Amino acid sequence: MLIVLDLHSGVPTYRQIVEQVRLQIASGRLAAGSELPSTRHLAQTLGINPMTVSKAYGLLEAEGALEHRPGLPLTVRARSAASREAAREAELRAALEPAARAAQQLGVSTTKAVQLFRQLMADQVEEGK
């Protein structure tokens, strides 16, 4: 599990961990049943307080993304296909909202914004070849 923190982003560290783990689950990089590093191990790796990791894991567990089994590592909870799709759409929506807001503030038409998005998607596909 790769977590990259930006200590200058203004986003609380625990929130960055939550968002990155959530994205990795939605994208399938962390599959159902995958074990997460222990709180202590991840805290040492990232150079942060273990309570920060504990808070992030607690939020993910409360929202049902992770499963706590006494005496065993935290794992990614299995979800239905519909739930996984909803999670992917929620992640994409969260990523697109700032772009939609920027397009509106810049006076870019919906047609032009969609055209730019399609071009970016095509560029990503081309880069992936």
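Modeller: A salt bridge here is a side-chain nitrogen of Lys or Arg within 4 Å of a carboxyl oxygen of Asp or Glu. The model is predicted: local features need pLDDT of at least 70, side-chain atom pairs count only at pLDDT 80 or more, and totals for chains, interfaces and linings use all residues. Numbering starts from 1 along each chain as its sequence is written, and side-chain values use heavy atoms, leaving out hydrogens and water.

The count is 2 salt bridges. Take Arg 22 and Glu 63. Their closest N and O atoms are 2.9 Å apart. Arg 22 sits in helix 1 (residues 13–27), while Glu 63 sits in the loop between helix 3 (50–62) and strand 1 (66–67), so the bridge ties together parts 41 residues apart in sequence. Helices (H or I, at least four residues) and strands (E, at least two) are DSSP runs, numbered from the N terminus. Arg 22 is partly exposed, at 24% relative accessible area. Glu 63 is also partly exposed, at 37%. Buried means under 20%, exposed over 50%, and partly exposed in between, using a 1.4 Å probe and protein chains only.

Now Glu 85 and Arg 88. Here the closest N and O atoms are 2.7 Å apart. Both residues belong to helix 4 (residues 81–106); they are 3 residues apart, about one helical turn. Glu 85 is partly exposed at 33%, and Arg 88 is partly exposed at 38%.

As for the setting, the protein chain has 5 helices and 2 strands. Their order from the N terminus is α-α-α-β-β-α-α. Of its 129 residues, 21% are buried.
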